[in-house]
Amino acid sequence: MLGIVIDDSKAMRKILRKFLEGLDFSVLEAGNGREALEVLDSADSVPELALIDWNMPEMNGLEFVVEARKRPEWRNMTLVMVTTESEHSQIVRALASGAHEYVIKPFTKDGMIDKLALLGLVPVGVLS
Amino acid sequence: MTDEVLPTSDDLDNIAEQVWSAFLADGHEAVVDGAEPVDLDADLAASVAIVGAFDGHVVVTSSRDGSREVASALFEMSADELSADEVGDALGELANVLGGNVKSMLPAPSTMSLPRIASAAHGHWPGTVELCRTVVAWRGNQFILILLSSRQQDRLERVVA
């Protein structure tokens, strides 16, 4: 499986990369939405999963979701917002724009795995 | 006039405990507000601005060593191997996560800025008043988490006028 981590924090990208690699994902990285579009355009295959921060320079996570949903070739990429943005209206906005799931920082490894299991991206019970 | 319920120091304690345990869990327990604040020799201040129904800032300050310990934990590297950019990135992400959780307790709607890192000597937020703070002791360092309000200052100025 292939995933992409989109976050302007190098530290957060490292944390999420390590988390996904622990689940046998190969991982691409981008520092904002604009860079993510470029990385995806030049990638050999479409990731099954994108973990997307909201607040980023140049192109934020919501703008990236809107752009990604315009690309039919990326329709099978599951979009998960991983962000500190927790206002209900913002969560609804992200989901209405095409995000599949929403994870609020700080997240726990177990909580994140539960979300990915619900999305069918890791086997249920992978923790046990 | 609407009575706003704003976060207290107890709320900051809870947020800090939650963030340190989820984000910086490394076997070193964080003691939140359990230590008398020392005269912290703060070198770095990371902050996020909140604008909207609430106007203010969430600030976290620490010493250079404390900031390097945060970066060391997040990057899983020895403190000696870290660049200044990595230290700033890590403290900024800590402020981002703390700020986002504080924002969830503030009047909505509001937006939060990207983190800003400054030397503590330049970490001033004119026209603000401190609403509450907490102190976190972790890995032998102290971190101060502060919520500043701009609007409160406006109100005080109006009352004085």
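Here are some worked exercises on the two chains, A and B, of the structure above.

This is a predicted model, where local features need pLDDT of at least 70, side-chain atom pairs count only at pLDDT 80 or more, and totals for chains, interfaces and linings use all residues. Residues are numbered from 1 along each chain as its sequence is written, and chains are lettered from A and ligands numbered from 1 in the order in which they are written.

**Exercise 1. Follow the parallel strands of chain A.**

Task: find out which strands of chain A pair with β4(A), and how the chain crosses to and from β4(A).

Step 1. Helices (H or I, at least four residues) and strands (E, at least two) are DSSP runs, numbered from the N terminus. Two strands pair if DSSP finds at least two bridges between them.

Step 2. Look at one side of β4(A). Strands β3(A) and β4(A) are joined by 4 bridges and pair in the parallel sense. To get from β3(A) to β4(A), the chain passes through helix α3 (residues 61-69) of chain A, in a right-handed β-α-β crossover. Right-handed here says that, with the strands pointing away from the viewer, the path from the first strand over the helix to the second runs clockwise.

Step 3. Now the other partner. Strand β5 (residues 101-104) of chain A also pairs with β4(A) in the parallel sense, over 4 bridges. Here V82(A) stands opposite V103(A). The crossover from β4(A) to β5(A) goes through helix α4 (residues 88-97) of chain A and is right-handed.

Step 4. Why is β4(A) called largely enclosed by the rest of the structure? Because 5 of the 6 residues of this strand (residues 78-83) are buried. A residue is buried if 20 or more other C-beta atoms lie within 10 Å of its own, exposed if 12 or fewer, and partly exposed in between, with C-beta atoms placed from the backbone.

**Exercise 2. Look into the core.**

Task: name the residues with the most contacts inside the largest nonpolar core, and see what I52(A) touches.

Step 1. A nonpolar core is a set of buried Ala, Val, Leu, Ile, Met, Phe, Trp, Tyr and Cys residues joined through C-beta atoms within 7 Å. The largest one holds 76 residues, and I52(A) and L98(B) have the most contacts inside it. Helix α3 (residues 84-103) of chain B gives the most to this core, namely 8 residues.

Step 2. Two residues are in contact if their C-beta atoms, placed from the backbone, lie within 7 Å. Skip neighbours within four places in sequence, and the contacts of I52(A) include I6(A), F64(A), V80(A) and V82(A).

Step 3. I15(B) sits in helix α1 of chain B and counts as buried because it has 25 C-beta neighbours inside 10 Å. Outside four places in sequence, I15(B) is in contact with L98(B), N101(B) and V102(B).

**Exercise 3. Where do the chains meet?**

Task: work out what the side of chain B that touches chain A consists of.

Step 1. The contact takes 22 residues from chain B and 17 residues from chain A.

Step 2. Which helix of chain B gives the largest share? That's α3(B), with 10 residues.

Step 3. Sort by type: 12 are nonpolar, 7 polar and 3 charged. In this sorting, Ala, Val, Leu, Ile, Met, Phe, Trp, Tyr, Cys and Pro count as nonpolar, Asp, Glu, Lys and Arg as charged, and the others, Gly among them, as polar.

Step 4. Check the view from chain A. The buried residues of α1(A) include I15(A), L16(A) and L20(A), and their cover includes α2 and α3 of chain B.
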